[in-house]
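Please read these notes with the coordinates open.

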Amino acid sequence: MARQTDDELDDFGRFAEPALMVLISLAEGPKHGYAMTDDIEQVAGVRFGPGTLYGAITRLEGRGLIQRIESDDRRNPYRLSALGEKALRARLASLHAITRVGQRRLANA
């Protein structure tokens, strides 16, 4: 099952990194787009433009990985769904395993 939820992000192709960053940002709690942009910049050192950010949000919402929260404000906050949390945990575990292999190989280089 972990591989299936990890596949949820594999389908994003070149958009996988922005999608992953959005999920990581929302793992801290609900945020609207501008707050996600600021958080991602602080965490990853990259600032996504509106097209990249909202493209990732649209794809994640369409897959059920994030959910829009109703708001009286004109900004739309989003939160991580249960499926999104599973997909994020699976992806981070996969990246952790790959990182360990890479570090081992570099240590022997």
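1. G33, Y34, M36, T37 and I40 of helix 3 are in contact (heavy atoms within 4.5 Å) with L53, Y54 and I57 of helix 4. This contact comprises six nonpolar, two polar and no charged residues; Ala, Val, Leu, Ile, Met, Phe, Trp, Tyr, Cys and Pro count as nonpolar, Asp, Glu, Lys and Arg as charged, and the others, Gly among them, as polar.

2. On provenance: the model is predicted, local features need pLDDT of at least 70, side-chain atom pairs count only at pLDDT 80 or more, and totals for chains, interfaces and linings use all residues. Residues are numbered from 1 along each chain as its sequence is written, and side-chain values use heavy atoms, with hydrogens and water left out. Helices are DSSP runs (H or I, at least four residues), numbered from the N terminus.

3. The axes of helix 3 and helix 4 (residues 50-62) come within 11 Å and cross at roughly 110 degrees. Helix 3 is therefore roughly perpendicular to helix 4 (65 to 115 degrees). Axes are lines fitted to C-alpha atoms over the stretch in contact, with angles from 0 to 180 degrees between N-to-C directions.

4. For helix 2 (residues 16-26) and helix 3 (residues 33-44), the axes come within 9 Å, crossing at roughly 100 degrees. M21, V22, S25 and L26 in helix 2 meet M36, D39, I40 and A44 in helix 3. By class, this contact has six nonpolar, one polar and one charged residues.

5. G64 follows helix 4 and has a positive phi, near 80 degrees.

Definitions and conventions:
Helices (H or I, at least four residues) and strands (E, at least two) are DSSP runs, numbered from the N terminus. Angles under 35 degrees count as roughly parallel, over 145 as roughly antiparallel, 65 to 115 as roughly perpendicular and the rest as oblique.
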